[in-house]
Amino acid sequence: MTGLGPYELILQVFAFFLGAAVGSFLNVCIYRLPRDLSVNQPRRSFCPACKQSIPWHQNLPLLSWLLLRGKCAQCGSRIAFRYFVVELLTALLFLAAWVEFPGPVAIAYWLLIALLIVATFIDFEHFIIPDEITIGGVVAGLIASFVVPELMAQESRLLAVLYSLGSAALGYALLWLVLEGGKKAFGKKRMRMAEPTAFSWMREGDDAEFVVGSERSTWSDYFARESDLLLMHCSTAQVDEREFENVTLQFHFDSLTIGRESFQLDEVNRICGMVRELQIPREAMGRGDLKFIASIGAFLGWRGVLCSIFAGSLVGSLVGLTTMVLGRRAWSAKIPFGPYLAVGALLWMFFGQQLLAWYVGLLAPGPTVDANF
Ligand SMILES: [Zn+2]
């Protein structure tokens, strides 16, 4: 760190503010992508509450949020702290990448950092990672590996692209295996009752209390994504005043289908009956996570894939267990996995070499390790 000349200092300040500005754009993506809104139309940012467009001087990264104290200047409604966090996080990671890596590698990593941040914050809120991010990320990683073959530790551009592609495929396949394994290990997917068991579903505001036999649970705990489904094979069922016999109730979070009939659950107060079998054909994670790890692989190579999945699962289980022990979450509750993969990818990006050395040390401890190893 000796001899940090004014030239480098200016570049570092530039990296930080570029990161903040990019973060500001990422906020737009985080809001608009999952809502199928265009990220460049309208050009100007607008307030999600009053839809008024925000003039440039109220849209300065980091500063505006602080100066306006997190409120819209027009309507006074609160602007989420997330906007500030995303800008600061992007700024800091851009700076860190610039300090840590040679220029071309740092610029390629900026791209990946941007993708990781968008994916993380969208996944938190919506439990999806849009294809623009994941498939777009694979393509970006392939191009980056061609332009900067150092990313794959290669000298030949062609080899770098092949490595990048192979790592993307490896990530997809490996996580797929983990998921399939997880389904068997943790899948409480099917509950066949010894005999028809009474169940009831009682609406409570936006949610419902769901009781099967003596087991009480909260309705929203069963659903992580819009596509999630819960099937109940019933000998009898009653939806408010309507009665059914020998039917399968097909539940989504907010709707119920019986044969050709559909009910909106916010118009139903009470469902009850006798259930023979309960089925949750839910995937522990969506395909989005598979495509996401592929895009991480395209940038970070196969070691990055292994580290992201390993570190991501570890951090994910720790957080999952903690919230479960604290009683905040039922077995089936919502766990987006994308953010953990992103954390794993960042760990690899910045500490990969150290982690590897530490791990090798664990496998071959003591003085038997060759000094040149
Ligand atoms: Zn407003």
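Because the model is predicted, local features need pLDDT of at least 70 and side-chain atom pairs count only at pLDDT 80 or more, while totals for chains, interfaces and linings use all residues. Residues are numbered from 1 along each chain as its sequence is written, and side-chain values use heavy atoms, with hydrogens and water left out.

**Zinc site**

The zinc ion has as its protein donors the SG atoms of Cys47, Cys50, Cys72 and Cys75, lying 2.3 Å from the ion; donors are N, O and S atoms within 2.8 Å of the metal (3.2 Å for Na, K and Ca), and since water is not among the atoms, sites may look incomplete. The spacing of these donor residues in sequence is C-x2-C-x21-C-x2-C. The arrangement is tetrahedral because the four donor atoms subtend angles of 103 to 119 degrees, the requirement for four donors being that all angles lie between 85 and 135 degrees. Cys72 counts as buried at 7% relative accessibility, whereas Cys75, at 39%, counts as partly exposed (buried means under 20% relative accessible area, exposed over 50%, partly exposed in between, with a 1.4 Å probe and protein chains only).

**Helix α5**

Helix α5 covers residues 131-147 and spans 23 Å from its first C-alpha to its last, close to the 24 Å expected; helices (H or I, at least four residues) and strands (E, at least two) are DSSP runs numbered from the N terminus, and the expected span is 1.5 Å times one less than the number of residues. A kink of about 30 degrees is centred on Gly137, the bend being the angle between axes fitted to the seven residues ending there and the seven starting there. Thr134, a residue of α5, is buried at 0% relative accessibility, and its contacts (heavy atoms within 4.5 Å) include Lys291 and Phe292.

**Salt bridges**

The whole structure holds five salt bridges, each a side-chain nitrogen of Lys or Arg within 4 Å of a carboxyl oxygen of Asp or Glu. Three of them are tabulated here.

| Pair | Closest N to O distance |
|---|---|
| Arg216 and Glu209 | 3.0 Å |
| Glu261 and Arg242 | 2.7 Å |

Notes:
Four donors count as tetrahedral if all angles lie between 85 and 135 degrees; four count as square planar and six as octahedral if opposite donors are over 155 degrees apart and all others between 65 and 115; anything else is irregular. Lists of a residue's contacts leave out its neighbours within four places in sequence.
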